[in-house]
Structures are given as C-alpha cells and as structure tokens.
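The following note sets out several points on the model shown below. Each point is kept brief and may be checked against the coordinates.

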Amino acid sequence: MSEIPPPNPLAEGIDATRRVPAGVLIVVGASGDLTARKLLPAIEQLSRRRLLAHSFAIVGVARTELSDDGFRQLMTDAVPDGDAAWTALVKQSRYVTGDYSDPSTFTNLAKVITEVEGQIGATGNRTFYLATIPAVFEEVADGLGAAGLNRPPTADTSVRLVIEKPFGRDLHSARLLDTALHRTFDESQVYRIDHYLGKETVQNVLALRFANAIFEPLWNRSYIDHVQITVAESLGVEKRGGFYETAGALRDIVQNHVMQVLSLTLMEPPGSIDAQGIRDEKVKALRSVVIPTPEAVRADVVRAQYDSGWSEGKAVPAYREEPDVSPNSQTETYVAMKLMCDNWRWAGVPIYIRTGKRLPKRLTEVALQFHSVPHLAFGKAESRDLRPNALVLRIQPDEGVALRFGAKVPGQAFNVRDVLMDMSYGSAFMEDPPEAYERLLLDAMVGDPTLFIRSDEVDQAWQIVDPILEAWESRAVPLAGYAAGTWGPRQADQLIERDGRQWRTP
Amino acid sequence: MADPLAVDHWTGEGVRLSDVVGALADLRDQSSDHHSSARTAVMTLIAVAPGDDQAYGATGALRSLAGHHPARIVILRPDPDSVAHLDARTTLYALDSEHNRVNFEEVQLEIGGQAARHLDSLVEAFTLSDLPVAVWYVNSIPEASDPLLSVASAILIDSRDTPDPGQLRSLLALARRRTVVDLSWSRLLPWRETLAGQFEPVAHRAWLDSIEHISICGKEGPRRLLGGWLTAQTDVSPRRISLQDSRHVGISIVARRNDEEATFSVERVEGQRIVLGEATVPGAPVVRSTSLLPDDPFTTSLADALTHLQPDPIWERALSAATALTD
C-alpha cells in the first residue's frame with residue numbers, strides 16, 4: 001500500500017482548489033491551429049492569473065517536424081505579449097515529433113515527460129490534450145496506453161485525457177470511440193470538452209435555477225406552457241464548408257450544444273453542485289426526453305438549407321454556392337424540432353428547438369413561456385398587447401435574464417401591456433469572464449469534471465438525435481429552403497403554429 | 001475598461017445629513033434618466049480616511065474596483081478636534097464598457113466635532129439595504145469601542161500600518177471578535193504561494209522538519225507577518241527566525257539533514273514586478289519559478305479582500321505568532 005504523503009503546511013489557507021497542481025500538460029497536435037489560437041493563449045492567461053503551479057511545463061507532440069526551440073518559438077508567436085512567467089514556462093517546454101501510429105513516438109514522449117518532470121520537480125500529474133482531428137483519438141489513446149502513459153506513476157498523481165467534440169458521427173461511432181478510449185483510460189480520466197459549457201452564462205443557468213428560490217417553484221408543467229431554445233448564427237459556413245458538409249446543423253449544434261443547454265434547463269436540482277450531482281441529473285433529464293419515432297421525425301422535425309439572400313446589409317450566396325460545398329448538397333444548415341419530455345416535471349410541455357446559420361442575428365437563448373392567466377379581467381381592447389409571461393435566459397450575446405410581464409400603461413384608462421424587466425450580467429459585473437477554453441483547461445488540470453460531458457451523456461444525446469439522422473438518410477424528410485437573413489423556412493413556422501404557438505422574435 | 005467618469009455632483013458645506021440624502025436621491029433619479037445605464041451594487045464600501053492623502057488614495061482605489069465590485073462608496077473624513085460641521089460631496093459616476101454603462105454613487109463626508117466619534121449614526125443613511133458593508137480603515141486600526149464597527153460586515157485594515165507587537169495584539173483581539181481582512185496579507189500572497197509551491201514536490205516537504213534558519217527581509221509589518229506565518233505553519237522556533245529591514249520582501253529558508261543542505265528562497269527582482277523562487281535540494285536539479293506581481297498591488301489586494309470577506313484562521317495564527325517575534 002502506498003504511503004500518503006505529508007501535507008504541505010505552507011499551502012494551508014492558500015486557495016489551491018482552483019490552481020493547477022505541479023505537473024505537465026501534453027498537447028497532442030501541438031503544431032496545429034487550435035493549439036496556437038486557443039490553448040496556448042488560455043494557458044498564458046492561467047499563468048498570468050497565477051493559477052498554474054510553479055512546477056508546470058508543456059510538452060508538445062505532433063507529426064510536424066519541430067525542434068524544442070521551434071516549438072518554443074511557436075509558443076512565443078502564439079502569445080507575443082506574454083509576461084515573464086510565460087517566458088519562463090516557454091523556456092522549459094519541450095517538443096516530440098512523431099507519427100501517432102508509430103509506437104516510438106510515445107516511448108520518446110514518455111522519456112521527455114520524465115525528463116521534464118525531473119527538471120521542474122513534478123512527480124507525475126499529466127494532462128493529455130488531444131488537439132487533433134477526431135479520427136486519430138483512438139490511435140493516440142492506444143499509443144499512450146502502450147507506452148504506459150495512461151496510468152499515473154504514483155498514487156498521489158493523476159493522468160487525464162481531454163478530447164474535443166465531435167464525439168462520434170452517430171450513436172454507433174460514438175460507442176465505438178468510447179470503447180476504444182476505455183481500452184486504455186478509465187471514464188473518470190476522460191474529459192470531453194464542449195466549449196459551450198465553459199461559457200460563464202451557461203453556468204449561470206445553474207446559478208439562476210438553483211441559487212434562487214423564486215424561479216424553481218414555477219419551473220414545471222403547472223406554470224410553463226412551452227420552452228423555446230434558439231441557437232442562431234448570422235454567419236454562413238465561411239471557410240468551413242468542407243467540414244460542414246460532413247456535419248450539418250444537427251451534428252454540429254443540436255447533438256452537443258443544444259442538448260447541453262436542454263439538459264441544464266430540464267434537469268432536477270442536484271444534491272450538490274459537483275460533477276456527479278450535476279452530471280447525474282443532466283443524464284436523467286436527457287433520458288426523459290422522448291426518443292423520436294420515424295413518424296415523429298416526419299411530423300416534428302424540419303430540416304432546411306439557406307438560399308441566397310441578404311444578411312447584415314450584404315448580399316450573401318446560397319449554401320450550395322459556398323466554397324467546398326457540393327452544388328447538390330443535402331446538408332442541413334437549419335433544424336427546427338419539437339421534443340417532449342416524459343417526466344413528472346415536464347410531461348405535456350413541448351420543447352421547441354431551432355438552430356441555423358444565416359439567421360438574422362447571432363444569439364443563444366432559452367425562453368420559458370408561462371401559461372396565460374386563467375381569466376383575463378381586463379377588456380380585450382385594453383389588454384390586446386398583453387401576452388403570457390416569459391422568462392428568457394440569454395446565453396449569448398448580452399448575457400442576462402429578462403422577464404416579460406404585464407403592467408398598466410400610465411393614463412386614465414386601464415390599458416395593460418407587456419414590459420420587459422431586463423437584467424444584463426454585463427451591467428452587474430463589468431469584468432470580462434474567463435474565456436471558455438481557459439476555464440475548461442483549468443478544470444481539466446485540477447480534476448474537476450463538472451463542465452465536461454460524461455460518456456452516458458454523449459450516448460443519451462446521440463440516442464435522441466440518431467433516429468432523426470436515420471430518417472434523413474432514408475430521405476423521409478424533405479430538405480426545405482430559406483432565404484439567408486430570415487428566421488428559417490415556412491415549415492418551421494408551421495411546426496409550432498399548428499400547436500397554436502409562435503416562435504419568439506428574439 | 002475605462003476609468004469611471006463623474007457624470008454629476010453636488011457639494012454642500014455646513015449641511016444637514018438630510019440635505020446629503022436628498023442630494024443623493026436627486027442624483028439617483030438623474031441616473032435613471034440615462035436609459036442605457038444600469039444601476040447595480042453588491043455592497044456598500046466605506047473608507048475611513050482622515051487625511052487628504054489617505055482620502056485621495058482610498059477614493060481612487062475604490063472607484064477603480066467598480067467594474068468587479070459595483071458598490072456605493074462612502075468616504076468618511078472625521079475630525080473630532082475641529083468645530084462641529086458636516087461638509088459633503090455626492091457624485092454620480094458612470095463606468096463604461098463596450099456594451100454597458102453602470103452608474104454608481106460616491107458620498108464624501110467631512111465630519112467635525114463629536115459626530116466624528118459616532119460615524120455609525122451618519123453612515124446608516126447611505127448603506128444599501130440587504131448588502132454587506134465593508135469598512136476600510138485607511139492607515140489605521142479601529143479602537144475596539146469604535147461604534148462604526150457595529151455597521152460593518154467586515155473590516156479592512158493593513159497590518160503594514162500597525163507593525164509593532166502591541167498594535168498587532170490589538171488587531172488580533174479585534175479579529176477574534178469581528179471579521180477582519182488584512183490587505184497586507186493579500187499583497188504577500190505571491191510570496192506565500194511561491195514558497196508553498198517549492199514544497200509541492202513531496203520529496204521537498206521532509207526538509208520542513210529540518211529547518212535550521214529562516215531569514216526574512218522587508219518592511220517591519222510584512223516581515224513580521226511572514227515570520228509569524230512560517231513560525232505557525234512549520235513549528236519552527238522563533239529563535240531560528242531573523243528579520244531584517246529591506247525595501248522588498250524576501251524569504252530564505254536553510255534546512256540541514258544528514259550533513260546535507262537544502263535552500264528555499266523567494267525574492268523580488270529589483271526594478272521588476274517579478275517574484276523569483278528557487279529551491280536547491282541535494283541530488284536534484286535546481287527548481288526555479290517566476291511569478292508576476294500585479295501592476296497595482298494595492299488595488300489588487302483590495303479587490304481580493306473584497307472577494308473574500310471572511311475570517312482567515314491562517315492569518316490569525318500568523319498574526320498571533322508575529323506578536324512573539326523580535327527583530
């Protein structure tokens with residue numbers, strides 16, 4: 001049995017719970033765009049905020065031929081205005097060149113990690129960040145396992161593997177990926193990033209719901225008529241046409257981002273705001289979502305693709321005219337759907353979801369539309385501008401919470417109309433929150449998986465989305481069109497209007 | 001983020017408290033005319049700053065915190081030895097970011113005569129309901145009988161201003177009854193973190209049982225507080241600790257075991273805002289670390305203190321041990 005090391009008395013009282021312990025971050029795919037654009041700036045910010053241990057180093061791995069100095073230059077180029085602590089971190093960073101299919105890449109990597117740990121005085125905390133294409137996740141995980149890098153060298157250290165979405169292309173491939181990862185890493189070691197969960201305002205959904213007593217009693221079928229989730233992009237596919245052709249809105253947004261927001265909205269209050277408490281409740285919420293049957297997909301899901309149109313004052317091309325997009329593409333750039341949730345809290349409350357590119361504006365919001373008052377005592381003419389109450393959680397941009405309610409219009413008559421009580425987080429706390437990558441990297445390195453997606457969450461999200469993909473592949477659902485710069489196709493309006501409701505105009 | 005801008009102000013000499021309250025209400029109404037502005041607050045911040053320099057420094061520091069700790073600021077300038085009077089200035093500030101404008105108010109009161117000994121009776125009119133009240137005693141520590149303590153959720157002091165053992169004992173007595181946050185303790189965090197970081201490797205921790213000597217340099221308050229901290233946390237006898245006067249804080253620990261010596265040091269680089277740590281342990285490479293000091297340590301420590309308005313038992317232990325240290 002290994003001996004428990006004595007505590008560090010000088011660290012007592014210094015808040016180290018959100019501070020990366022002594023260790024090494026190994027970035028696989030270190031010469032790539034994600035590393036330079038997101039990861040290195042995020043690490044520099046953590047260093048600047050003194051959230052990294054003093055014994056901390058980065059080791060890069062990639063196929064690209066680079067020396068240690070070459071990698072250090074890449075780090076400097078990625079953060080040209082880094083401070084002295086960053087410069088010191090760059091100096092002790094190392095790089096390993098190698099093909100992921102070659103076992104010697106990982107034996108070399110193991111040797112370099114051990115050397116670095118000796119130099120900086122770290123004893124084995126290792127975080128492997130796979131900044132690679134998903135196709136090599138399995139190969140890299142196997143290589144790490146074969147070199148013995150999947151297990152911590154001592155009992156008091158940890159090894160973690162961070163991977164980015166997409167986690168599979170469908171339920172089957174997601175399960176294959178999980179099986180492959182679990183050959184070498186335990187589920188507790190795997191940190192699946194959906195950067196959406198790193199956004200402060202997504203986390204604020206939890207704060208709003210579970211730090212306030214006034215909302216939760218209303219957060220159920222007795223008071224809520226329906227829920228609308230909107231994830232809108234004003235941009236088209238830009239330079240990502242090649243990628244988008246293989247993904248589409250359902251895989252790119254609904255399976256991950258929307259399902260995360262949906263589960264946070266529908267979940268029951270957890271016993272504690274920790275990883276297990278939150279993730280258990282999120283999975284329970286997703287399990288309550290009714291899996292669409294083929295008939296339900298035909299009736300309740302709309303897929304569409306943008307045509308040419310006007311967006312933000314500019315004429316923009318149709319999706320099929322975008323670079324790297326097939327002129328006959330059947331890829332959806334818009335999805336609208338109705339889901340139902342079979343549980344005590346939400347039975348009978350429809351959840352309308354829409355997401356798309358080239359919509360009039362960029363925004364993400366969750367709107368809870370309350371029931372109408374049981375009896376409106378005001379005259380029709382006086383209350384014609386009155387709608388049911390709505391609570392809107394704006395996730396981006398202008399993050400905040402808005403409550404729509406009726407108020408008397410000043411004057412002799414008793415006219416009532418809607419007013420919006422609008423709280424913006426930005427006006428309460430003007431400091432910029434940390435970037436999503438900064439937050440998630442820190443969480444991974446301190447071993448807090450709360451904001452990462454567990455295997456069963458991924459699986460459950462795919463179980464909801466998979467029947468839709470299958471129906472689409474059988475061409476059972478026609479691809480509609482919508483003009484760029486509009487809120488989507490007519491069919492999406494019909495989807496909600498046949499229930500006697502309307503899409504919000506956010 | 002830009003500095004807050006004064007949108008409007010009101011001044012009055014020889015006024016009654018109700019005049020100030022009324023003027024403040026007018027300014028609040030005015031802020032609601034700015035339709036794009038928001039009003040929000042997370043606390044009331046009161047600074048007790050008798051002198052001009054103290055008041056100037058305190059107002060600048062508190063205003064700069066508005067982005068993270070939106071608050072109503074009340075600056076009190078008591079002068080019990082002068083004739084009874086109340087002079088006041090209320091100012092409406094606007095803080096702009098890319099998307100938002102936030103308004104907040106600042107009240108400055110110059111209080112002469114006996115009322116200066118009963119500041120609690122003045123400030124209650126300005127504290128925001130249901131929010132914590134942080135009272136910052138600029139360059140002083142309050143008497144235990146100070147009535148203003150009754151309105152304070154937390155008291156901010158700077159032990160740098162009260163370095164001798166007698167004053168530290170008074171501070172300790174206060175801390176045992178009220179929530180006291182020491183700005184000096186916050187400012188010393190980079191040194192404490194860096195030193196603690198040197199004992200993160202488990203192999204280094206054993207050297208803490210074999211400390212031969214600890215040398216701490218710096219100004220009187222900080223060096224004494226760090227000495228108290230190390231005494232309390234490592235159980236090293238105060239006789240093994242030496243304190244020296246110096247412009248910058250530095251710590252050096254020498255440990256000896258089986259005729260081998262290990263050294264652990266933390267010092268500020270002259271002319272730079274950097275703290276360097278170095279651990280030299282036999283049979284292992286020298287481990288160096290670099291920590292950046294904040295550009296404005298005073299404001300940073302204030303912001304940190306306002307984030308953690310709660311008792312800190314480690315600081316209290318350090319303070320208690322510091323009272324037994326001699327230079």
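Which residues of helix α2 (residues 68-78) of chain A are buried? The points below begin with that matter.

1. This is a predicted model, in which local features need pLDDT of at least 70 and side-chain atom pairs count only at pLDDT 80 or more, while totals for chains, interfaces and linings use all residues. Residues are numbered from 1 along each chain as its sequence is written, and chains are lettered from A and ligands numbered from 1 in the order in which they are written.

2. Phe71(A), Arg72(A), Leu74(A) and Met75(A) are the buried residues of α2(A) (buried: 20 or more other C-beta atoms within 10 Å of the residue's own; exposed: 12 or fewer; partly exposed: in between; C-beta atoms placed from the backbone). Helices are DSSP runs of H or I with at least four residues, and strands are runs of E with at least two, numbered from the N terminus. Seen down the helix axis, the buried residues of α2(A) fall within an arc of 155 degrees, so they line one face of the helix; the arc is that of the directions from the axis to the C-beta atoms. An α-helix has 3.6 residues a turn, so residues three or four places apart point the same way.

3. Asp69(A) and Asp77(A) are exposed on the face of α2(A) turned away from its buried side. The cover over the buried residues includes α1 (33-48), β2 (56-62), α3 (84-91) and β3 (94-97) of chain A.

4. The axes of α1(A) and α2(A) come within 9 Å and cross at roughly 85 degrees (lines fitted to C-alpha atoms over the stretch in contact, with angles from 0 to 180 degrees between N-to-C directions). The two helices are therefore roughly perpendicular to each other (65 to 115 degrees). Ala36(A), Leu40(A) and Pro41(A) of α1(A) make the contact with Leu74(A), Met75(A) and Ala78(A) of α2(A) (contact: C-beta atoms, placed from the backbone, within 7 Å). By class, this contact has six nonpolar, no polar and no charged residues (nonpolar: Ala, Val, Leu, Ile, Met, Phe, Trp, Tyr, Cys and Pro; charged: Asp, Glu, Lys and Arg; polar: the others, Gly among them).

5. Chain A is divided into domain 1 (13-164) and domain 2 (199-431 + 455-497), with bounds from an automatic or database domain assignment. The C-alpha centres of these domains lie 37 Å apart.

6. Between the chains, 33 residues of chain A are in contact with 37 residues of chain B. On the chain A side, α3, α4 (103-120) and α11 (425-428) each supply at least two residues. That side has 16 nonpolar, eleven polar and six charged residues.

Note on methods: Contact = placed C-beta atoms within 7 Å. Parallel < 35°, antiparallel > 145°, perpendicular 65-115°, else oblique.
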